[in-house]
Amino acid sequence: MASKDFTVAIVGGGMCGLVCAYTLKKAGIAVEVFEAAPEFGEVGAGVGLGPNAVRALDRLGVLSAVLTRSEHSSPVLRPFLFVSGYDAQEAIYDQYSVGDDDRGLPIHRAAFLDAIIGISDMKIAHLNKRCVAIQHTHALATASNLSSTLFFSDGTSHRAHLVIGADGIKSTVRKYVVDPLADDAEHNTNSKNKTNLAFSGSLAYRGLLPNSTVVAAGVKIDLTVQPVCFCGIDRHIITFPIQAGRIINVVAFSSITRGDSAAGSLDELPHPWVQPVAKQELAETFQTRGWGADSDAIKLLNCMERPSRWSIHTVDPPLSSYVDPERGIALIGDAAHGMLPHLGAGVGQGFEDVVVLTELLSHPETNLSNLEHVLGAYDSARRSRGNTVLEASARMGRITERYGKSGYSNEEMRTQLAGIWGPVWHHDLSEDVNKAVEMLREKRVFKEAESS
Ligand SMILES: Cc1cc2nc3c(=O)[nH]c(=O)nc-3n(C[C@H](O)[C@H](O)[C@H](O)COP(=O)(O)OP(=O)(O)OC[C@H]3O[C@@H](n4cnc5c(N)ncnc54)[C@H](O)[C@@H]3O)c2cc1C
């Protein structure tokens, strides 16, 4: 029997949606997850989970399953080494050697999903279900009748008390949180929907390379030891080892600046978002900014046989709420705070959302009649942190792409980079949950704690 008198529908079965579904199901809450794709899978290679993401996974009870699939017995990912992208790979800053030894976990995205699927009851998961609209039951205005109907592109629908939008950066659910008139048919026909989605000006070329290929190509720096960031002006490359160092995950970033002939412009959203490109585009993009043909960075890029170019989008401006309590909608992950990937912090923020939201939903005093207030408490606990990390990620991109003659010196880079990950990695989630519960007690939604 379900432990709660409300039902939950999760839109999106990516990393955050599936972990959220697993956790709610484990807490005895009636939950279903709806994924647009015909199968669960992740495009886009490896993902580096920061120490805070690892702790969140531990708290959610999925860390050991994830570790097994990552081929590591404990978190191993050391902090970044920053080097010059230009020629001699001159070391700029080694975060590890300055004493930060908090470890993260690198993993292939597909392996992560396999880990969660392996421990989940997949009867609650539905594929080929692209949510195209949400209708709130206006007529029943009391909180105890909070209810929404999800409509899918295959003509089916599903009703639930609470909708969790875990549908990523292009979220359909987000518009129901940012636009109070989103479920008004006339408004939708007559006006452009607000979605708080913007092209960042950043393009990313992604690839997974066997380390043996990288070594054979003459790359001298050992990319299996720790994540490396090659810095320049308007360009940077990050690498980190995954699957026990056999594979190097590479993401090469190039910013579009005014006057660039690269695809797209700052004023428009480039379409399609992901595009295969000719191999020579990659090296040329970096060499035009002075990166030497013999540098490790260019040798590495030349290993990428079939590169694709991603237009990186972000939630911009940051949301002023992650919930619509009256409609019974909450956002998690990229749907709430899709950010630039420069701190490798996007998924971690999503897992933190999952911790706070699921702990509040499964709290013994949460029920259908106070769900609206519980969603408000989730928003208060999570939004400021999620949006702060979103802004810090953009700042990180500006630092790593200002290195060189017309930008920062080594000394200036060190000053800028010192401590940038600290607030992201070292955060007390228990304090967030406790504050949210305290807020609910102060509002007399929850009973006052008994004094001991
Ligand atoms: C180049 C790059 C590198 C990155 N590297 C890192 C990194 O190293 N570390 C890190 O922490 N983060 C990284 N990120 C960010 C990270 O990828 C995201 O934060 C993370 O994938 C968000 O997870 P999510 O579950 O919220 O969304 P997603 O992973 O986008 O999943 C959303 C799911 O919803 C489904 N969906 C979408 N619309 C609908 C709909 N209407 N109906 C039903 N289903 C729908 C999608 O098919 C998908 O399965 C990177 C991002 C990029 C672009």
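Reader: Hi! How many bridges join S9 to S10, and do they run parallel or antiparallel?
Author: Strand S9 (residues 148–152) and strand S10 (residues 157–160) run antiparallel, joined by 4 bridges. Bear in mind that this is a predicted model.

Reader: Let me zoom out. How many helices and strands does the chain have?
Author: There are 15 helices and 19 strands.

Reader: What radius of gyration does the chain have, and what would a compact globule have?
Author: The chain has 22 Å, and a compact globule with 452 residues would have a value near 22 Å, so the two agree. Along the principal axes, the C-alpha trace spans about 65 × 55 × 40 Å.

Reader: What share of the residues is buried?
Author: Of the 452 residues, 56% count as buried. As for contacts with a separation of 6 or more, 75% come from residues 24 or more positions apart.

Reader: Nice. How about the surface, and how much of it belongs to carbon and sulfur atoms?
Author: The accessible surface is about 18800 Å², and carbon and sulfur atoms account for 51% of it.

Reader: How many positive and negative side chains are there?
Author: The chain has 42 positive and 52 negative ones. The centres of the two sets lie 2 Å apart.

Reader: Switching to S14: how many of its residues are buried?
Author: Strand S14 is mostly covered, with 8 of its 8 residues buried.

Reader: Which residues sit on which side of S14?
Author: Arg-235, Ile-237, Thr-239 and Pro-241 are on one side, while His-236, Ile-238, Phe-240 and Ile-242 are on the other. Both faces are covered.

Reader: What is phi for Asp-234?
Author: Asp-234 has a positive phi of about 60°, although it is not a glycine. This residue lies in the loop between strand S13 (228–231) and strand S14 (235–242). Most residues other than glycine have a negative phi.

Reader: Is Asp-234 buried or exposed?
Author: Asp-234 is buried: its relative accessible area is 17%, and the cut-off for buried is under 20%.

Reader: Where is Asn-196, and what is its phi?
Author: Asn-196 is in the loop between helix H6 (185–190) and strand S12 (197–210). Its phi is positive, near 50°. Asn-196 is buried too, with a relative accessible area of 17%.

Reader: Which residues does a cis peptide bond join?
Author: Asp-316 and Pro-317, with omega about 0°. Pro-317 is in the loop between strand S17 (308–315) and strand S18 (323–324).

Reader: Last topic: which residues of H3 are buried, and what covers them?
Author: In helix H3 (residues 63–70), the buried residues are Leu-63, Ala-65, Val-66, Leu-67 and Ser-70. Their cover includes helix H2 (51–59), strand S6 (105–108) and helix H4 (109–119). Glu-71 follows H3 and has a positive phi, near 70°.

Reader: What does Leu-105 touch?
Author: Leu-105 is in strand S6, and its contacts include Val-66, Leu-67 and Ser-70, along with Val-47, Leu-49 and His-72. Leu-105 is buried, with a relative accessible area of 0%.

Reader: And how far is Leu-105 from Phe-446?
Author: They are 37 Å apart in space, C-alpha to C-alpha, and 341 residues apart in sequence.

Key. Residues are numbered from 1 along each chain as its sequence is written. This is a predicted model: local features need pLDDT of at least 70, side-chain atom pairs count only at pLDDT 80 or more; totals for chains, interfaces and linings use all residues. Side-chain values use heavy atoms; hydrogens and water are left out. Two strands pair if DSSP finds at least two bridges between them. Helices (H or I, at least four residues) and strands (E, at least two) are DSSP runs, numbered from the N terminus. The radius of gyration is taken over C-alpha atoms; the globule rule is 2.2 Å times the number of residues to the power 0.38. Buried means under 20% relative accessible area, exposed over 50%, partly exposed in between (1.4 Å probe, protein chains only). Contact means heavy atoms within 4.5 Å. Accessible areas come from the Shrake-Rupley method with a 1.4 Å probe; for residues, only the protein chains shown count as cover. Lys and Arg count as positive and Asp and Glu as negative; His and the chain ends are not counted. The place of a charge is taken as NZ of Lys, CZ of Arg, CG of Asp or CD of Glu. Lists of a residue's contacts leave out its neighbours within four places in sequence.
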